[in-house]
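Have the model open alongside the text.

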Amino acid sequence: MAQTKPKQPGGGGPEWVDLDVPSRLPIIPLVSSVLFPGGVLSLQVGIDRNVRLLKSIPDEQNLIAAFCQKSGDKENPRPEDLSHIGVLAAIVQRLPLSSDRFQLFLQGRQRVELVQMLQKEPYFEGMLREVAPKPIPKTVKTEHLLNKSMSLFEKLVESDSKYSNELLNILRMNMDEGPDTFADLLSSFVNFPLEEKQLLLETVNPIERLEMLIDWIQRDLGKATFDRELQRQIQSSIDRRERENYLREQLRVIQDELGDANPGEREADTYRDRIEALPVAEDHKQQLRREVNRLTQLSPSSSDYAVIKGHLDTVLQVPWSEKTEDQLDLAKAEAVLDERHHGLEKVKERVLEFLAVLKLKGDLKGPILCFVGPPGVGKTSLGAAIADALGRKFVRMAVGGVTDESEIRGHRKTYIGAMPGRMIQSYIQVGVNNPLIMIDEVDKIGKDYRGDPSSALLEALDPKQNHAFVDRYLEIPYDLSHTLFICTANVLDMIPSPLRDRMEVIRLSGYTENEKMEIAKKHLVPELVTDHGLKPDQVTVTDDSMLTIIRDYTAEAGVRGLERKLATIMRKVARKVASGTGEEHYAVELTDLESYLGLPAYEHEFAERHPEIGVTTGLAWTQFGGEIMFIEATRMAGNGRTTVTGQLGDVMRESVTAAYSYVRSKAAELEIEDRKFSEHDIHIHFPAGAIPKDGPSAGVAIATCIASVMGERPVRHDVAMTGEVTLRGKVLSVGGIKEKVLAAHRASIKTVVLPEGNRKDLTEVPEEIKKELLFVFAERVEDVWKEALIPLYIAKGRDRKYDEAEYRAERQQQQKGDRAEQR
Ligand SMILES: Nc1ncnc2c1ncn2[C@@H]1O[C@H](COP(=O)(O)OP(=O)(O)OP(=O)(O)O)[C@@H](O)[C@H]1O
Ligand SMILES: [Mg+2]
């Protein structure tokens with residue numbers, strides 16, 4: 001048959017030899033490539049069996065059949081492992097590389113089919129038959145297929161760098177050879193998978209072959225385009241990044257040129273410089289530096305940026321080393337204290353002693369001062385005066401109502417809206433690390449599931465631990481040990497005991513009317529006058545007015561309410577002055593008070609009061625100082641029950657039960673028929689129900705009230721009493737005597753009944769108060785009754801000689817005598 005001979009572009013290749021298919025030929029299995037008619041194949045032969053073949057065939061044997069091995073063992077294939085269509089090939093070169101290796105160069109001639117395997121060992125040899133397609137006439141279709149496959153392949157070569165342009169030339173030159181030759185040539189050029197190429201070889205019909213080629217080239221083209229697109233995208237993103245870097249670099253250069261460095265970097269540099277200057281440990285600095293680096297990587301609009309910047313700013317705001325110089329001049333300190341506070345002699349003395357020790361010792365590792373007293377007695381202002389006397393900065397840290405430990409110690413910075421705790425904030429506020437910090441209202445500090453704030457305070461106040469106080473937000477230990485802490489509280493009992501144990505308590509009690517007058521005249525009025533922009537001589541408050549304000553407009557232990565009332569007056573005066581009514585000087589007379597302050601809040605209805613059954617005046621000691629407290633009882637038909645109302649604690653309820661039992665046990669002496677107890681119920685009420693009350697000191701007042709209501713004897717309204725009662729009627733001493741006596745005096749009480757055990761406490765009470773009161777000391781409840789209950793003979797109307805008015809006159813006479821005697 002006629003051989004189709006592809007034209008070689010450059011010539012010089014081996015000569016084509018026309019050959020008929022010999023009936024018997026050695027067969028070489030191909031495992032990794034496919035040879036097409038017209039194509040060439042160069043391969044290294046290393047498999048034993050094939051090496052054997054090449055060694056055995058004579059040199060002049062220049063034809064061989066190459067069949068693809070589709071399955072089986074590479075070293076030892078079976079005949080059925082070979083594809084049924086192969087290629088008759090000319091051996092162009094057979095070059096031994098070593099004893100067991102050949103370089104073989106084959107040139108494909110034509111398709112052949114294995115008719116029969118004649119020999120299997122030592123190599124395959126078989127009978128072959130030529131397989132050739134029928135000649136295909138040139139049609140529009142064939143032309144189209146040829147052109148299409150050609151143009152697609154051109155595109156493939158263009159898009160895929162693995163193909164060389166040379167292939168296109170060879171193909172173009174063979175376009176005229178017809179679809180069969182062209183298809184085989186193209187098949188040998190394309191980089192298709194082995195199976196596909198094998199399929200092309202096995203497909204005898206050239207039209208089909210071309211169609212397959214067109215399909216697969218198109219597929220590869222798509223892939224190539226996709227790859228290229230991907231590549232382009234990757235490239236463009238790289239380009240963009242490079243471009244940005246380039247632009248940024250340019251911007252930096254321009255800014256440098258203009259002396260305007262990148263603001264972000266400049267900020268970071270400022271932070272870095274400031275961090276270097278901080279007197280904190282290196283590992284903390286390292287941590288801060290890391291934060292700065294992170295900052296430079298974040299967008300200023302991100303929330304992380306805000307968090308980190310906030311933290312850095314806070315750390316840098318904290319006064320790590322800033323401090324004021326102490327001036328421990330005791331004489332000066334005394335002068336400052338005297339100038340700022342009237343009275344308070346004992347308190348000032350204690351404070352000066354404390355300062356003296358401070359001066360000698362030179363450190364603050366001592367107990368913490370704690371001022372305890374009712375509101376408005378000058379605890380806070382005394383703290384401020386001490387700070388002034390020492391030349392220290394003063395800052396107030398209120399802890400009342402704080403129930404969350406984090407309020408003191410800060411929230412971790414991961415917490416949204418985290419901040420340092422109040423402790424560190426106080427330092428930021430004053431800007432020095434050795435201020436005087438006044439911890440206000442330690443008795444109102446709370447505690448809940450969020451931790452115990454008092455433990456954080458304890459740590460802050462403990463000289464052994466407070467040189468490295470850790471705020472959770474700050475994260476860097478802060479030294480509190482240069483700070484002078486002073487606490488304040490209204491009542492001592494409410495301070496958590498571990499805290500109380502660390503404190504040296506200084507008590508400030510309420511003021512007498514005279515003291516209040518002095519404080520008002522010397523301190524409050526002058527200060528308020530300047531505060532309101534008035535001239536010193538522009539306002540005077542007459543003594544009468546002042547006393548009335550103290551008595552009828554305020555009822556308090558301290559001077560807070562008084563200060564407020566005076567401020568109201570000053571405001572009104574300031575308004576008059578400002579609106580220019582012409583008057584130069586304002587004297588606030590008694591008659592003016594109502595126009596300035598309205599009606600008095602505490603009109604002393606005392607004058608209108610008179611002895612009553614079932615109302616006693618007790619004396620209580622609350623956080624507001626001493627107070628008078630009325631106890632009321634009524635009796636009704638029933639069966640011996642007692643009802644108690646008015647927000648009482650357990651101790652007070654027990655006092656009621658104990659008092660009731662004692663009164664009943666004394667029924668005979670009190671001339672009460674016993675069945676009265678079993679036929680009546682008593683209701684005891686403690687007014688001002690909103691205020692919680694507890695403690696045993698109302699015992700005598702309760703017992704007197706029950707005795708009064710059961711025995712139908714009025715209680716004298718001008719007698720106030722305090723004292724605990726035992727079940728056997730003994731009166732035990734109680735606390736807060738000074739405050740209670742002051743309260744009684746404020747309420748215009750004439751006689752105060754105190755437990756005998758409290759006699760010594762009267763030394764605390766100012767003379768001017770003692771002068772105006774009669775004190776009766778009781779050992780037993782009967783002593784109280786004798787003083788407070790109207791005598792039986794009057795109550796029962798047995799002695800007609802006395803009537804109430806006469807009795808009163810006689811009693812007043814007697815009291816005058818008693819008082820004179822007491823003095
Ligand atoms: N002895 C005093 N001499 C001069 N002014 C005084 C005196 N006591 C109190 N004051 C003045 O009374 C006002 C209230 O005092 P301050 O605020 O110190 O009371 P406080 O005891 O801290 O009360 P609180 O328990 O309510 O905090 C202040 O203006 C203070 O200057
Ligand atoms: Mg205060």
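**Helix pairs, ligand shell and backbone details**

Helix α2 passes helix α4 in a left-handed crossing. The model is a predicted one.

**Helix packing: α2 and α4**

- α2 spans residues 140–159, and α4 spans residues 179–189.
- The two helices pack at an angle of about 20°. Their axes lie 11 Å apart.
- Angles under 35 degrees count as roughly parallel, so α2 is roughly parallel to α4.

**Helix packing: α21 and α23**

- α21 covers residues 650–665 and packs with α23, residues 699–711.
- Here the angle is about 45°, and the axes are 9 Å apart.
- That angle makes α21 oblique to α23.
- The crossing of α21 past α23 is right-handed.

**Ligand 1: the shell**

- The shell around ligand 1 holds 20 residues.
- Those that come nearest are Gly-376, Lys-379, Thr-380, Arg-560 and Glu-563.
- By class, the shell residues divide into 8 nonpolar, 8 polar and 4 charged.
- Three helices each supply at least two residues of this shell: α12 (379–390), α17 (513–531) and α19 (560–578).

- The side chain of Lys-379 has an N or O atom 2.6 Å from an oxygen atom of ligand 1.
- For Thr-380, an N or O atom of the side chain is likewise 2.6 Å from a ligand 1 oxygen atom.
- Val-377 takes part through its backbone: a polar backbone atom is 3.3 Å from an oxygen atom of ligand 1.
- How much of ligand 1 does the protein bury? Taken alone, ligand 1 exposes 630 Å², and the protein buries 88% of that.

**Backbone details in loops**

- Which residues does a cis peptide bond join? The pair is Glu-121 and Pro-122, with omega at about -5°.
- Pro-122 sits in the loop between β5 (101–119) and β6 (125–130).
- Glu-441 has a positive phi, near 60°, although the residue is not glycine.
- Where is Glu-441 placed? Glu-441 belongs to the loop between β9 (436–440) and α15 (453–461).

Conventions: Residues numbered from 1 in each chain as written. Chains lettered and ligands numbered in written order. Predicted model: local features only at pLDDT ≥ 70, side-chain atom pairs only at ≥ 80, totals over all residues. Heavy atoms only, no water. Near = heavy atom within 4 Å. Polar contact = N/O pair within 3.5 Å; in protein donor to acceptor, adjacent residues only side chain to side chain. Areas by Shrake-Rupley, 256 points an atom, 1.4 Å probe, with all protein chains shown as cover. Helix = DSSP H or I, 4+ residues; strand = E, 2+ residues; numbered from the N terminus. Nonpolar A, V, L, I, M, F, W, Y, C, P; charged D, E, K, R; others polar. Axes fitted to C-alpha atoms, helices over the stretch in contact; angles between N-to-C directions. Parallel < 35°, antiparallel > 145°, perpendicular 65-115°, else oblique. Left-handed = near helix turned anticlockwise from the far one by under 90°.
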